[in-house]
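Me: I'd like to go through this model with you and ask where the labels come from. Have a look first, then I'll start.

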Amino acid sequence: MKNFLKYREIWLLAGIVALIGLISTRFPGFADPANLRQVFNDTSILMILALGQMAVILTRSIDLSMASNLCFTGMVVAMLNAAHPAIPIPVLIVVALLVGLVLGAINGFLVWRLNIPSIVVTLGTLTIYRGATFVVSGGAWVNADQMSPDFINFQRAAFLGLPMLSWIAIIVIALFFLVMTRTQIGRSIYAIGVNPTASVYAGIDVGRTKFIVFCISGMIGGLAGYLWISRYVIASVEVANGYELNIIAACVIGGISIAGGIGSVGGAVLGALFLGIISNALPVINISPFWQMAISGSAIILAVVLNARGERRQGRIILRKAEAA
Amino acid sequence: MTDTPAPRHIPDRLDKPLSSAIFSWEALLVAIAVLIFAVNSFASPYFLDPWSLSDLTFNFTEKGLIALAMALLIISGEIDLSVAAIVALASTMMGMAVQAGAGTPVLVAIGIAVGLGCGAFNGLLVTRLGLPSIVVTIGTMSLFRGIAFIILGDQAYKGYPESFAFFGQGYVWWVFSFELALFLVAALIYWFVLHRTSFGRRVFAIGNNPVACQFSGVRVDRIKFILFSLTGLMSGIASVLITSRLGSTRPSIAQGYELEAITMVVLGGVSILGGAGSIPGVVLAAFIMGLVTFGLGLLNVPGIVMSIFIGLLLIIVIALPIVWRRLREGRFA
């Protein structure tokens with residue numbers, strides 16, 4: 001199984017290399033290391049969001065509220081910064097993580113305690129959290145001139161040749177890799193996705209694990225909220241509107257099965273990079289950015305078709321024969 | 001072993017006690033609708049006016065039409081997130097046809113045909129290639145709306161013929177708009193198909209156990225394909241109505257409708273896991289969502305705040321029966 005997973009990611013990596021090669025034929029500077037670093041930095045927020053979503057999808061759930069969480073938390077942090085510029089950035093990041101954690105915990109509680117399907121819960125909180133953003137901000141924007149220089153520059157500060165944002169992404173990727181492959185909770189998350197019933201017999205608390213997973217995706221949403229706002233230096237109700245589907249798209253392209261249990265940290269990162277490369281490449285090779293949506297749509301469909309070939313479950317052979325007949 | 005049981009009369013449907021009708025999902029929705037209606041008429045003096053109430057219906061008829069077909073699709077255990085993108089693509093195609101000088105009948109035909117084609121495309125991907133519908137339709141959602149963006153960019157199509165305006169702005173009789181009439185007729189048809197035909201029974205059966213259905217000789221894939229096509233068709237019809245009502249096409253038209261249509265379906269008591277639900281429930285949910293948004297609109301509540309109420313309504317209405325059951329069983333943690 002493990003070899004098989006590696007196999008899929010290598011193909012995705014090969015696809016990305018081919019894509020970069022293809023773009024380089026039109027715009028030679030694209031494969032330049034400096035430019036690739038830029039692409040990585042541009043994609044950092046999508047990557048960490050995709051990792052949070054991955055943890056949720058692995059347990060056969062889905063979190064549609066991540067972008068709204070991002071919007072709400074980003075607004076809270078930006079308003080806090082505008083009102084009290086003296087608060088140091090690390091404290092603001094902790095605040096963002098906590099606010100995101102609370103929003104995620106609400107999702108998780110409803111899924112865990114009330115057994116409401118996650119798609120229904122997060123469909124509801126998707127609109128509630130974005131609406132709440134309007135309520136806390138009164139519909140006003142927080143603009144660049146209201147934010148403190150530290151707030152804006154923190155993620156841009158270079159460290160060992162990479163901006164802080166890239167480092168945050170690398171840390172999150174490393175943390176996820178450790179948690180998913182080396183800890184009990186990580187293995188429980190996979191186990192639940194593969195077979196919830198067997199997981200119960202194996203002593204895993206399925207509901208509680210789902211709750212934890214939603215807390216994780218909530219914290220990721222919160223962290224991304226601060227990063228997003230300080231990157232695009234505007235906080236409004238419209239921030240990241242509809243972005244939840246981009247996050248899921250990155251996961252799907254990364255080979256994470258919506259049916260749960262299949263997927264890896266590497267896949268989610270590569271899936272996000274794939275989308276990031278496309279959005280970075282279109283302007284430089286003179287394709288209208290309006291093409292981006294259709295291209296990522298086609299990429300998603302293609303990815304699902306390719307993934308499905310690998311995922312085909314064994315068994316039900318009688319039915320297979322009956323279908324063929 | 002020797003005596004064969006006497007042939008017994010098996011009723012087509014079981015007698016339902018009155019209590020089950022009172023505690024049904026639809027009854028809960030009616031109660032909520034009456035409550036919101038009462039609150040609205042107290043809160044605003046403009047609410048209880050025939051023309052106000054007529055305007056109210058425009059809030060949900062278009063999404064409601066999509067929700068009817070979506071209900072069947074969700075009952076069968078699938079989902080379509082691309083409906084709003086289908087609306088956008090169909091509207092864009094109609095806009096192109098207008099630029100080419102097409103008349104009203106051609107426009108309507110194009111809108112509906114594009115919708116049907118997109119729905120069939122989803123259906124093919126899901127049934128022929130055996131892909132999960134939630135992912136496929138996230139993909140086609142980007143694809144369909146992406147095509148609309150490629151064609152239109154930041155432009156807009158205008159100049160729809162005057163006779164085209166009837167579908168979204170016309171009235172059949174007094175305050176009854178064409179949109180409302182169409183919605184009610186469609187609801188009746190969908191009610192009949194789902195609750196009174198063998199096709200409808202099969203839709204329920206597929207949602208409960210697709211494998212058993214396959215073994216029982218139900219053509220699962222074909223029925224799912226039909227349901228996807230129907231959802232596309234209804235999106236095409238909704239596109240005609242919206243385009244006619246707005247009189248222009250932008251690629252961002254009907255943004256977010258997919259989630260509102262699904263909210264209607266779920267609020268209407270359809271199980272998101274498939275296998276259960278009813279059309280009257282969906283119709284009631286459509287009315288409730290219209291009532292909430294319109295009532296709050298009269299009170300000058302911004303649209304974004306209304307969405308909080310819709311989201312809360314969705315979660316509370318789903319959670320309420322669960323909490324109630326647990327309280328009665330006395331094991332609420």
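This is a predicted model: local features need pLDDT of at least 70, side-chain atom pairs count only at pLDDT 80 or more; totals for chains, interfaces and linings use all residues.

Me: Which elements of chain A have the lowest and the highest mean pLDDT?
Reply: Helix H14 (residues 317-324) of chain A has the lowest mean pLDDT, 49, and helix H10 (residues 206-232) of chain A has the highest, 96. For chain A as a whole the mean is 89, with 93% of its residues at 70 or more. Over residues 321-325 of chain A, pLDDT stays under 50, and the model has zero contacts there beyond four places in sequence.

Me: Why does A:Thr181 count as partly exposed?
Reply: Count the neighbours: A:Thr181 has 13 C-beta neighbours inside 10 Å. Buried takes 20 or more and exposed takes 12 or fewer, so with 13 A:Thr181 lands in between and counts as partly exposed. As for its place, A:Thr181 is in helix H7 (residues 164-182) of chain A. From A:Thr181 to A:Ala250 there are 69 residues in sequence and 20 Å in space, C-alpha to C-alpha.

Me: How are H4(A) and H10(A) packed, and what is the hand of their crossing?
Reply: Two packed helices are described by the angle between their axes and the distance between the axes. For H4(A) and H10(A) the angle is about 145 degrees, with the axes 6 Å apart. Their crossing is right-handed. The residues of this contact divide into 17 nonpolar, 10 polar and two charged.

Me: How many residues of chain A are in contact with chain B, and which elements are involved?
Reply: 42 residues of chain A are in contact with 43 residues of chain B. On the chain A side, the elements giving two or more residues are helices H4 (89-113), H5 (118-137), H11 (243-253) and H13 (292-311). H5(A) gives the most, with 14 residues. By class, that side of chain A has 30 nonpolar, 10 polar and two charged residues.

Note on methods
Residues are numbered from 1 along each chain as its sequence is written. Chains are lettered from A and ligands numbered from 1 in the order in which they are written. Two residues are in contact if their C-beta atoms, placed from the backbone, lie within 7 Å. Helices (H or I, at least four residues) and strands (E, at least two) are DSSP runs, numbered from the N terminus. Ala, Val, Leu, Ile, Met, Phe, Trp, Tyr, Cys and Pro count as nonpolar, Asp, Glu, Lys and Arg as charged, and the others, Gly among them, as polar. pLDDT is the predictor's confidence in each residue, from 0 to 100. Axes are lines fitted to C-alpha atoms, for helices over the stretch in contact, and angles run from 0 to 180 degrees between N-to-C directions. A crossing is left-handed if the near helix is turned anticlockwise from the far one by less than a right angle, and right-handed if clockwise.
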